[in-house]
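The tour goes from one selection to the next and says what is found at each stop.

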Amino acid sequence: MELLLARLFDGVSSGATYAVIAVALVLIYKATTLINFAQGELCMIGSFIAYAFAVDVGLPVIPAVILAMVMTALLAAGIERTLIRPFDPSNHLPLVIITLGLLLLINSVAGMIWGYDPRRFPGVFPDGTVFEWGVARLRWYTVGTLITTIVLLVLLSLLLNRTKVGLAFRAVSSNLESAALSGVPIGRTLQFGWALAAAVGTIAGVLFVSDPFRQIEPTFAARVLIFASAAAVLGGLDSLWGALVGGLVIGMVESMLIGYLTFIPSQMGLASAVGVLIIVLLIRPNGLFGSRRVERV
Amino acid sequence: MTAPTKTKTGAPLEVSALHAAYGPVQVLHGIEFRVDEGEAVVILGANGSGKTTTLRAICRMVSTSGSVSVYGTSLAGKKTEAVTKLGVAHVPQGRGTFADLSVDDNMRLGAFVRRDKDVQKDIDGWYEVFPILGSRRAQPAGQLSGGEQQMLAISRALMGNPRVLLLDEPSLGLAPLIVKDLFERLKQVKLDRGTTMLVVEQNANLALAMADRGYVLEAGLIAISGTAEDLRTNEAVRRAYLGY
């Protein structure tokens, strides 16, 4: 029982961090209907900027993260303006290749500035546990990450569904040509999507590396991005709340499978999570909460 | 080229020497026409004659050369969004529905360029005209039937209070009775609002019945032009497009 609870807490803990990065992926996908391979690196660079403000400049961690969000959003807006906008938004392949190139570029730049030695990121949430029962420990970090993710999702839902900029955002992802015919500024809306996803990605990255068991180094995003993508696809790729559920499911599967099916070596945690993903997609091709496109003509 | 000066005196729509191409394929070979204030003008033509391309060229959705001006403002170098802001609404072929957005959101997008406070009032007004849209306001618009989507497309376009309405084959894929009703509605809109209209249509009978004037496109050139009455009685038009 203790052990089950311990694994449950472990699953929620990693699941919540997958979820929050998955939210950033879903956002950029909703804006551009594009899998943005550079999104993970934007999470990474945002975390490093937060690190620089918190550790090198010595700011308290929350203002450091907010400053980092603003700077990363501006960086992403600049990337959109210079590298993405000159290309046809409806032709995806060149854009995906560009995001792959960006992945390598941002990663190298971070390596150049900060090097590849892991560093300790200052904690965002208090250390210690909320609840403890033998080996089962529910940490403040886990609770904090989960609550932050939920608050973030509520705010994003309000932004997308209740504001004019949210309407523009949804129009562009629904039908690019009709959005232009309705007078929606396509370029600026996509730029807003990039900036928003980068700001959310900064929160995601910071939450991930602020786990006292983890450290920050320029390659962290590449690893976690695979879990986060699995979470996003499982949730339905265009569903924000699906990303949360998808993240928790992937985290839970990883922790339970390795915990209980002892013949699965712990190195296979990721592979088993992907296995679950494939099974779910076979049954529900649009993921758990993805919108099925129904169109009568 | 028309000088890019803003004068209210220009015609709602003036097109001259308009060429358009999809990549290497030239579709329009220099057409010239105008639509005057409050007029409904129809463009007839066979498949592939360039009707849709003409509308797309006006809204800068295809590479073009030549001159298009709206109330004297040249559209050269403008983006599609900017053309909409000048008061041109375009209901594209296939209706351009935001399929996964609700009917309400579709209507709000029609009013995207508006800054006034009457948007919700106008949406409710359209729901009175088309009660079926009102009763399905929260549903994804893609679930409406073809005829309902056409109603939605037209009300959405008119939500922006356009000065010029471009309609691309509004009858496409609709049952004859619905098409008839649709053209009645358009006639009513023209009477009530005085909206200037340019309609591309294959259903020449109904289109000529509501239009003031018309042009016949053949292989990217204007072959015949005249009043609706002229076209109805024109031997060639009668045989090719009216079918009797």
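## Two helices of chain A

Select helix 2 (residues 39-56) and helix 4 (residues 92-114) of chain A: they pack at an angle of about 20°, with their axes 9 Å apart. Axes here are lines fitted to C-alpha atoms, for helices over the stretch in contact, and angles run from 0 to 180 degrees between N-to-C directions. Helix 2 of chain A is therefore roughly parallel to helix 4 of chain A (angles under 35 degrees count as roughly parallel, over 145 as roughly antiparallel, 65 to 115 as roughly perpendicular and the rest as oblique). Helices (H or I, at least four residues) and strands (E, at least two) are DSSP runs, numbered from the N terminus.

This is a predicted model, in which local features need pLDDT of at least 70 and side-chain atom pairs count only at pLDDT 80 or more, while totals for chains, interfaces and linings use all residues. Residues are numbered from 1 along each chain as its sequence is written, and chains are lettered from A and ligands numbered from 1 in the order in which they are written.

Now show the side chains between the two helices. From helix 2 of chain A, Glu41(A), Met44(A), Ile45(A) and Phe48(A) take part; their counterparts in helix 4 of chain A include Leu102(A), Ile106(A) and Trp114(A). Two residues are in contact if their C-beta atoms, placed from the backbone, lie within 7 Å. The residues of this helix contact divide into 8 nonpolar, 1 polar and 1 charged (Ala, Val, Leu, Ile, Met, Phe, Trp, Tyr, Cys and Pro count as nonpolar, Asp, Glu, Lys and Arg as charged, and the others, Gly among them, as polar).

## Where the chains meet

Next, colour by chain. The contact draws 26 residues from chain B and 20 residues from chain A. On the chain B side, helix 2 (80-85) and helix 3 (103-110) each supply at least two residues. That side of chain B has 11 nonpolar, 10 polar and 5 charged residues.

## The sheet of chain B

Move to chain B and select its open sheet of 6 strands, with the order 6-7-8-3-9-10 and mixed pairing. Two strands pair if DSSP finds at least two bridges between them. Strand 6 (88-91) and strand 10 of chain B are the edges, each pairing on one side only.

Which strands of chain B does strand 9 pair with? Strand 3 (residues 40-45) of chain B runs parallel to strand 9 over 5 bridges, and strand 10 (residues 221-227) of chain B is antiparallel to strand 9 over 6 bridges. Pick Gly214(B) in strand 9: Val42(B) is a bridge partner, and so is Gly226(B) in strand 10. The hairpin of strands 9 and 10 of chain B has 2 residues between the strands, and Ala219(B) in the turn has a positive phi of about 50°.

Strand 7 (residues 164-168) and strand 8 (residues 196-200) of chain B run parallel, joined by 5 bridges. Leu166(B) is opposite Leu198(B) in strand 8 of chain B.

## Two loop residues

Last, select Arg60(B), in the loop between helix 1 and strand 4 (63-70) of chain B. Arg60(B) is not a glycine, yet has a positive phi of about 55°. Glu169(B), in the loop between strand 7 and helix 7 (176-193) of chain B, has a positive phi of about 45° and is not a glycine either.

Is Glu169(B) buried or exposed? Glu169(B) is buried, with 22 other C-beta atoms within 10 Å, whereas Arg60(B) counts as partly exposed, with 19 C-beta neighbours inside 10 Å. A residue is buried if 20 or more other C-beta atoms lie within 10 Å of its own, exposed if 12 or fewer, and partly exposed in between; C-beta atoms are placed from the backbone.
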